[in-house]
Amino acid sequence: MAARGARSAAPDFHAEVDMSHAVSHSIVPESTLRTSEVEAFARDGFLIKRGLFARDEMRLLDEAFVGDRAMHRRAYAVADDAGASTEIALWNDPGDDLFGAFARCARMVRGAEALLGGEVYHYHSKITMKPPGGGGTWNWHQDYGYWYKNGCLYPDMLTVAVAMNAANRENGCLEVIRGSHRLGRIEHGQVGSQTGADPERVRAVLERSERVAFEAEPGDVMFFHCNTLHTSAPNRSQRPRDLFLIAYNAAANDPCLPHHHPGYTKLDVLPDDAIRARAGVWAGESRVFLDPAEDKSIYGFRRLG
Ligand SMILES: O=C(O)CCC(=O)C(=O)O
């Protein structure tokens, strides 16, 4: 069978993979995911892995996040439908520092490959921040509501959300609708300054489906499909709520349009111990952050730095 996205420089073995059935079984022997977990992802559109990252690894990440001032200076705020703002810093190149080690380590990449059925590359990384007593709503959306417009032809993409602090409904944890990836792509339009899913459609889906809160401890992760509807509420607590989100695209799904995220770029996968080996290694000013002015899928932003 010819590989889809054939102009991709992806390795040949993808020619054997029919991505439309990609989530039904694992072809990635190095993955630590069990077949039952791959099946759960195919059924539910998400998979929660508790403690994928150890406490000491999360302490290193927290130290980097607090200490790396560039991350905060280059963050920007995006308004929700109620006029409150939620904050984000985003970059395309995973890099070779501690943040890059999380995005490139085998636990993450091989997991994403097991769930998407073949090689993936790093599409982008971001940290979304809701400070104590603040932060707005991420209105209901599918990530593919954004990424479709970027020329990603197939929904063979996913995001891994890494909880950086304890999260529950009070501080605005991530919430998903079980099975909503099977709806296909819903119409998206402007909601506040965000791209949001058609609110009428979301209401109807919510009446019929289970809403699941990703209540988490640091180091817990949720893999979720790019068509899984998700949201998060403002932070009504006195604790921060920060989420490290790493998006992967199937190598065979090289976007057909140039846009503000990369096309297929071979990912140099690191062993899992690369995180501890990069303790205190932060890219700082050398990281190239996305300038939100380049992002056509948001309708306004406010620079924070
Ligand atoms: O930070 C969150 O709660 C969700 C962020 C999100 O959905 C996104 O960046 O696409």
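In this predicted model, 8 strands come together as an open sheet, lined up in the order E1-E11-E6-E13-E4-E3-E2-E14, with antiparallel pairing. Strand E1 (46-49) and strand E14 (302-303) sit at the edges with a single partner strand each, so one side of each has no neighbour in the sheet. As a reminder, strands of a sheet pair through backbone hydrogen bonds, and they can do this in a parallel or an antiparallel way.

Strand E6 (residues 157-163) and strand E11 (residues 221-225) run antiparallel and are joined by 5 bridges. Along this pair, Val162 stands opposite Val221 of E11. Helix H1 (residues 35-44) then lies across E1 and E11, and its direction makes an angle of about 135° with E1.

Helix H5 (residues 106-116) is another element worth a look, and it is mostly covered, with 10 of its 11 residues buried. Those buried residues are Arg107, Met108, Val109, Arg110, Gly111, Ala112, Glu113, Ala114, Leu115 and Leu116. What does the covering? The cover over the buried residues of H5 includes H1 and helix H4 (98-104), along with E4, E6, E11 and E13. Just past the end of H5 comes Gly117, which takes a positive phi of about 85°.

Over in helix H2 (residues 55-67) there is Leu60. Is Leu60 buried or exposed? Leu60 has 21 C-beta neighbours inside 10 Å, and 20 or more is enough to be called buried, so Leu60 counts as buried. Leaving aside residues up to four places away in sequence, Leu60 touches Leu98, Ile275 and Ala279.

The residues around the ligand are Lys126, Thr128, Trp138, Asp143, Leu174, His230, Ser232, Leu243 and Leu245. Strand E4 (120-130), strand E12 (230-232) and strand E13 (241-250) are the elements that each give two or more residues to this shell. Sorted by type, the shell around the ligand has 4 nonpolar, 3 polar and 2 charged residues. Two of these strands have already come up: E4 and E13 both belong to the open sheet, and both are also among the elements covering the buried residues of H5.

Key:
Residues are numbered from 1 along each chain as its sequence is written. This is a predicted model: local features need pLDDT of at least 70, side-chain atom pairs count only at pLDDT 80 or more; totals for chains, interfaces and linings use all residues. Two strands pair if DSSP finds at least two bridges between them. Helices (H or I, at least four residues) and strands (E, at least two) are DSSP runs, numbered from the N terminus. Two residues are in contact if their C-beta atoms, placed from the backbone, lie within 7 Å. Axes are lines fitted to C-alpha atoms, for helices over the stretch in contact, and angles run from 0 to 180 degrees between N-to-C directions. A residue is near a molecule or strand if its C-beta atom, placed from the backbone, lies within 6 Å of it. Ala, Val, Leu, Ile, Met, Phe, Trp, Tyr, Cys and Pro count as nonpolar, Asp, Glu, Lys and Arg as charged, and the others, Gly among them, as polar. A residue is buried if 20 or more other C-beta atoms lie within 10 Å of its own, exposed if 12 or fewer, and partly exposed in between; C-beta atoms are placed from the backbone.
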